[in-house]
Amino acid sequence: MAQDTAVPKLNFEYWLDKATEWGQATTLESQKDVCRHLPQLQEFLQQIYETLKHMNSIEAIQQFPLIGQLLGRLCWNPFVIGYDESQKTLMWCLCCLYSSEPQNPVELKANSWIRSLLCHLLSSSKWESNEAGTNTFISALGYTSADYYSHLVKNMVLSLVTELKGNQFNGLNIQERVPASRVSEVSLFCLPLITLPDLTPLLETLLLCHGGASQELLSSEFLEAVNEAFLKKKISLSETAIFGLWLRHLPSLEKATLYLLDQLVSIQMTSLEEVACVIKDSLLPQAASHPAIFRVVDEIFKNALLETDGAPEVMTIIQVFTQLFVQAHQNDNKQHKFPLKAYFSRHHQPLVIALLRRPFSTHCSQHLKHISEMLKTLVEDESIRSFVDLFEIWFLIARFGEWLDIAAEQLLKASAEPDALLWLLAFYYSPQNENQQRTQTMVEARGVYDQLVMLFSCTVLSVKDLQAAVHKTDTKQSCTQHLTTHLLISFLLFSSGGHMIAQEFISRITGTSDASKEVCSLLFRTAYRINRNGERNQRTVKLVNDLLQKLTLKV
């Protein structure tokens, strides 16, 4: 096909001589000569492009050994790149010379050179107003340098967006289709220019382009670069464009999820409101309304939890993410959307529905008892034998950890029958226990619970009183110790006597970094729940904030 549109050798040599003669058009005579030849030069460049687009980079260099010299010289001529379509055509020619899979140092160096030229062509900083040629040309048009190049970029982007979308109706009332190779070329061209604000409409248009069922139109390098720029806040794209990116490119979705986890684990959080803000800003809870995205994010969270051995901070992040996902789903006004239970289709649906219910202060104990009974029946089912099955059930409960915190509070505040709620907490802190072990855990937890209930109504309480009460029960199992910590934090936050000794008592039970992290997570979750549910308990929130200020210094 290349021979059909071959560029005459004489013309090529002629224009290379002209480009060498003109240089950067710094003299008046060279500027006049460039202007006289611009229409013919543009026609020639278009002819070059029509030839190059049917070749790979190796074939192009073989047929036109001096093509790099010609394009390189023309790219630095302000009169050439300022004329009509010449700048865009130069870019397409450069993209044709780009090696998608460079095989040697020469091709790598050529790619680097091409990227630098592309950056130069759209970077206004490369053309300062004190350059003689540029100043003369732009001033004659009545523009400042900055205005001129800004308009030039916007017009080019508009032209490309229009081309990619196709004319909605042509003469035959049929939508025109852009060839896949053309879409790929455009995505390649965007690589070095992704962070330019004026390029945003083009990026969004590209991300909405789709090929056949198994054909990806956009280069993986382009998709990765867009994702990287979005994660680092270098560009701002619509939710639709970002969701489209993650749906079509799994590595980008995985990187976005891991980036969020790293970001949250590494920051010194001061509240779960701050954590929620970071999570919302990532767009992942909103994107998870697509079941395919939800499954990927959910799997990464599971692995993170396993790899960190159930780190409290990771668990808290997952719980906040789940709350935000449910909220985003409920706020989604789409006519056709998946029901929430569909995202947890592998689980016992009545239990899923019960966990999805928004907690309210009334009837919480009865609802928690219902959850516990369903969970117990499910766990004791003979068909649940593998670790994987048990972990899936536990992870479902863990996602909705707010119910566990409410259970610990209701055990002490409400006059409910405690066994069901204690069993729920015992399962959470030790899901792998067999019936005999869990029975022992229940005995130990019940002993601690009974002591705390007796002290709950005391308005005057000492640290020694609380320690003595807790130590009356011999807690041999580590899971009982975690459960006891959970009950103790609820006791200190929601009893009058507990408020008075909270700081001193917590300082005694947080001697290690792990213990501090565990207590911090419980405190963060309590304050977040109170604020989120609109509960009027500012005294407890103030106490939590005071405790956290001291604890975060120890973590």
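Analyst: In this predicted model, one aromatic cluster is formed by Phe294, Phe325, Phe338, Tyr343, Phe344 and Phe400. Over the whole structure, the search returns 18 aromatic pairs. One of them joins Phe391 to Phe395, and this pair is stacked.

User: How is a pair of aromatic rings described?

Analyst: Two quantities are used in general: the distance of the centres and the angle of the planes. For Phe391 and Phe395 the centres are 5.9 Å apart and the planes make an angle of 10 degrees. These two residues belong to helix H21, which covers residues 387–399, and their spacing of four residues amounts to about one turn of the helix. Both Phe391 and Phe395 are buried. Another stacked pair is made by Trp394 and Tyr428, with 5.8 Å from centre to centre and 15 degrees between the planes.

User: Where in the chain do Trp394 and Tyr428 lie?

Analyst: Trp394 is in helix H21 and Tyr428 is in helix H23 (residues 419–429), so that this pair, 34 residues apart, links distant parts of the chain. Trp394 has a relative accessibility of 12% and therefore counts as buried. Tyr428 is likewise buried, at 10%.

User: Let us turn to charged side chains. How many salt bridges does the search of the whole structure find?

Analyst: There are 19 salt bridges. Lys302 and Glu299 form a salt bridge with an N to O distance of 3.8 Å; both residues are in helix H17, three residues apart, or about one turn of the helix. Lys302 counts as buried because its relative accessibility is 3%, whereas Glu299 is partly exposed at 39%. The two residues also take part in a network of salt bridges that links Asp298, Glu299, Lys302, Glu392 and Arg399.

User: Which side chain meets Arg508 in a salt bridge, and how exposed are Arg508 and Glu504?

Analyst: The partner of Arg508 is Glu504, at 3.0 Å from N to O. About one helical turn separates them, because they are four residues apart in helix H27 (residues 496–509). Arg508 is partly exposed, with a relative accessible area of 46%, and Glu504 is partly exposed as well, at 42%. A further example is the salt bridge between Lys542 and Asp546, at 3.2 Å. These residues lie four apart in helix H29 (residues 538–551). Lys542 is exposed at 53% relative accessibility, while Asp546 is partly exposed at 26%.

User: What is to be said of Glu518, which is buried yet has no salt bridge?

Analyst: In such a case one looks for the nearest opposite charge and for other polar partners. The nearest side chain of opposite charge is that of Arg525, 8.4 Å away from Glu518; a salt bridge requires the charged atoms to be within 4 Å. The side chain of Glu518 does make a polar contact with the side chain of His482, at 3.0 Å. With neighbours within four places in sequence left aside, Glu518 touches Pro312, His482 and Thr485. Glu518 itself is part of helix H28 (residues 513–532).

User: How is the backbone angle phi read, and which residue other than glycine has a positive phi near 70 degrees?

Analyst: Most residues other than glycine have a negative phi. Leu283 has a positive value near 70 degrees, and its place is in the loop between helix H15 (272–281) and helix H16 (284–287). Asp309 also has a positive phi, about 55 degrees, and lies in the loop between helix H17 and helix H18 (312–331).

User: Finally, how many helices and strands does the chain contain, and what share of its residues is buried?

Analyst: The chain has 29 helices and zero strands, and 52% of its 555 residues count as buried. Among contacts with a separation of 6 or more, 70% are between residues 24 or more positions apart.

How values were computed:
Residues numbered from 1 in each chain as written. Predicted model: local features only at pLDDT ≥ 70, side-chain atom pairs only at ≥ 80, totals over all residues. Heavy atoms only, no water. Buried < 20%, exposed > 50% of the residue type's maximum accessible area, 1.4 Å probe, protein only. Lys, Arg positive; Asp, Glu negative; His and termini not counted. Polar contact = N/O pair within 3.5 Å; in protein donor to acceptor, adjacent residues only side chain to side chain. Contact = heavy atoms within 4.5 Å. Phe/Tyr/Trp six-rings, centres within 6.5 Å; stacked < 30°, edge-to-face > 60°.
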